[in-house]
Amino acid sequence: MTDRPAEKDDEQRAKDEQRVKDEQRVHDDEPRVHVSGHRELPLVALRETVIFPEMIVPLQVGREKSVAALNAAVASNGPIALVTQRQAEREEIGDPSELYSVGTLAKIAQVVQLQDGTVRAIVQGQGRLRVVGFTQTSPYIIVQVEEVEDVTPEGIEVQALMRTVQAQIEQYVANGAPVPPEAAIAARNITEPGLLADMVAYSPDLSTEQRMELLETTDVVERLRIVSTFLGRQIEILELKGKIQSEVKSEMDKTQREYILREQLKAIQRELGEDDPQQAEINELREKVEAAGMPEDVKTRALKEVDRMSRIPSASPEVGVIRTYVDWLVALPWNVSTTDNLDIKIAGRILDEDHYGLEKIKERILEYLAVRSLAETLRSPILAFVGPPGVGKTSLGKSIARAMGRKFVRMSLGGIHDEAEIRGHRRTYIGALPGRIIQNVKTAGSNNPVFMLDEVDKIGMDFRGDPSSALLEVLDPEQNNTFQDNYLEVPFDLTKVLFITTANLLDPIPAALRDRMEVIQLPGYTETEKIGIGKRFLIPKQMKNHGLSEKTIAITDEAMVELVRSYTHEAGVRNLEREIANVMRKVARAVAEGRKRKTVVDVKKLEAYLGPQRFEYGELEAEDQIGSATGLVVTEVGGDVIAIEVTLMEGKEDFILTGQLGEVMRESARAGLSWIRAHAAQLGIKREVFEKNTLHIHVPAGGIPKDGPSAGITMATAMISAFTGIPVRKDMAMTGEITLRGRVLPIGGLKSKILAAHLSGARMVILPKKNEKDLRDIPDEIRKQIKLVTVDSMDQVLDAALRRKPTPLDTDSGKHAGGGKGSESETEPGARRVFPPPADQPPAMA
């Protein structure tokens, strides 16, 4: 229970006329405070309440000490001290510091005991007092106080301040202050300046601290100044509040007026047989919905939104949201399709015009057109073109669209992290739009475009969602007939869309997404294909781009071969086009400087234009090597060759692998070493060689990670060469996985690897026998130039790779016929133990 003022009676407010002045005020030349003698009085501590002299206030007293102090004052028929405590939440007061120093001397007018044990008292302030100290704290507090009188100087300043405060009180009340209107009349009738200042303390806008400041200020002039400042600020606040309310009311009145006028205008237009602009817009939308050819459920949804729009005032923001949504529904090509070109011969000719080679992809597209001409309900396939950069995956999509007579749209998925990019945002978001699938279909203007999803292997994933999971529905022919965009919230049929995805690698694509696509590999171009593409497509294109013609430039066949072999090293033709453009720029400058004759670019001029050769074409090694073998790998940019080096060092038995090799590649090396140790006698290797030497395997280009099992037979061959001193053929490359039993298992990416071997000048390639079925993909021109040796065991690998067979150990005599640590006497004549330097552009994966 707290000691706070109860509700005040208006009748008790008229205390001005009943006050009896029994104290004498002292006036000197300078204002000062008059202090009478000390008195001891019972104390009631007040919470968040300040009582001023002449104020009649009802109090609700509940604390035991406060009730006892009140009863003691009543019993002695004396006054009581009312002092505000500094912290309202404290229940017990035990020290004067917990109270404000100045309080009010009050007379108890009435006391009523209530049923709950509390006391209701009516008190009247009589004057200010200052607490000097405590003389008793139990059963109630008795304090020693001294009475403090106001200091009121004479002069016109006091009169001016009084009139200012009286005028401010009237304005304060007139502006809607939370005080009774009678307060202004009472203020006009007050002649005492101190009483006028104390009257303002009645305002509820004052805080407890502000009231205490007024109570502690005995200088009446200073107190009037404080009150005047407070009233001035409150008047400004009330005027600003009134201005704001007036503006809001004016705006509301304006809106109401516009609504009434608009309704009247509608009534007039109905009488004249005219439609208002909003109604005309709604009728136009209805007509568009009817003509859009939507399915019935979508049409019903669109008309429902139009009806809802008609019932909303045109000034509402919701009208714009609905209008945008209906516009999207109307703009989609629900039943708009382009006519397919089903003439297979014409389509085949267009594909041949645009691209050189790529027979598998052309055959697949022509098969689709053939079936499409026979079956109207055929669902479009989901094709995935996988291959290194620069082989023409994206341009092939444009060519397919041209051959089929369809629209072409492309969407790059590289770096996309947000699932909403595919499905769109819900309409609850401000500025929401459909996903890019629906946006591109709208851009195409037909429901059966060729839709290319580029770089599907580079999709990201973070806290905003997984775009690859959102693509599962898009690329599934069993589900995409009811594809639902989050913005549209209605199904759209994507079965007629021919989706083509592109990727450099298959591994990063999630298995569930990969399972929905028909993968077509584009391993890269042969040398002949690159030369053909350069002559038929790249040279004419760059001549046109550089303003040249056949009259000003010609590139010889020998120069084209040299350009492909010595200045490019890639699976595609992107760098080849750059180098051709480089030559064109040199010739264009000469023509611009006044050259009249035709420039014929031969091998000599090619070197003058492009500088020295950048890549060596021909033999893999200058001579046969001991402890070094050439392997074949596949990287993001196609196939490549890699050298594997092995050396033996005296020391404790150890096995060192360097070159930033992956775990799978390390295991392949250990499997190869285990097979060698198990067959050491057959290979002519003494067992103490393993115990007294350290074996070090290194794959150059240590800054690039490498992994995969297909280098197994290459590492085993290099180790056997190092152990036996028998050199490995310099013109040979190999690929295959090895087992502990010495079996050779099949590998992937065979065509890319053989193309890399051909470009590197290899004359023989050793490959697993189980990969024979993949040899039909190898062009005949390459098969004629490279000897392809198929093997299924390490014995067959060694027969083909080493210059001679290892001589087995003579177990009867214990002599070693060849091997050991590879002394000079065991080294093949003409062979070297010098290992080749790292390749300029090593592969990233074996």
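**Close-up views of a predicted model**

Glutamate 54 counts as buried because its relative accessibility is 4%, where buried means under 20% relative accessible area, exposed over 50% and partly exposed in between (1.4 Å probe, protein chains only). This is a predicted model, in which local features need pLDDT of at least 70, side-chain atom pairs count only at pLDDT 80 or more, and totals for chains, interfaces and linings use all residues. Residues are numbered from 1 along each chain as its sequence is written, and side-chain values use heavy atoms, with hydrogens and water left out.

**View 1. Glutamates in the loop between strands E2 and E3.** Glutamate 48 lies in the loop between strand E2 (35-46) and strand E3 (56-61); strands (E, at least two residues) and helices (H or I, at least four) are DSSP runs numbered from the N terminus. Although not a glycine, glutamate 48 has a positive phi of about 50°. Glutamate 54 is found in the loop between E2 and E3 and has a positive phi of about 70°, although it is not a glycine.

**View 2. The cis peptide bond at proline 139.** The bond from serine 138 to proline 139 is cis, with omega near 5°. Proline 139 belongs to the loop between strand E6 (119-136) and strand E7 (142-148).

**View 3. The largest pocket.** Its volume is about 1,300 Å³, taken as the space filled by probe spheres set on grid points joined across faces, edges and corners. A pocket is an open set of points on a 1 Å grid over the protein atoms alone, where a 1.4 Å probe fits, with protein on both sides within 12 Å along at least five of seven lines; lining residues have an atom within 4 Å of a point. Of the 46 lining residues, Gln521, Pro523, Gly749, Lys751 and Ser752 are the closest to the centre of the largest pocket.
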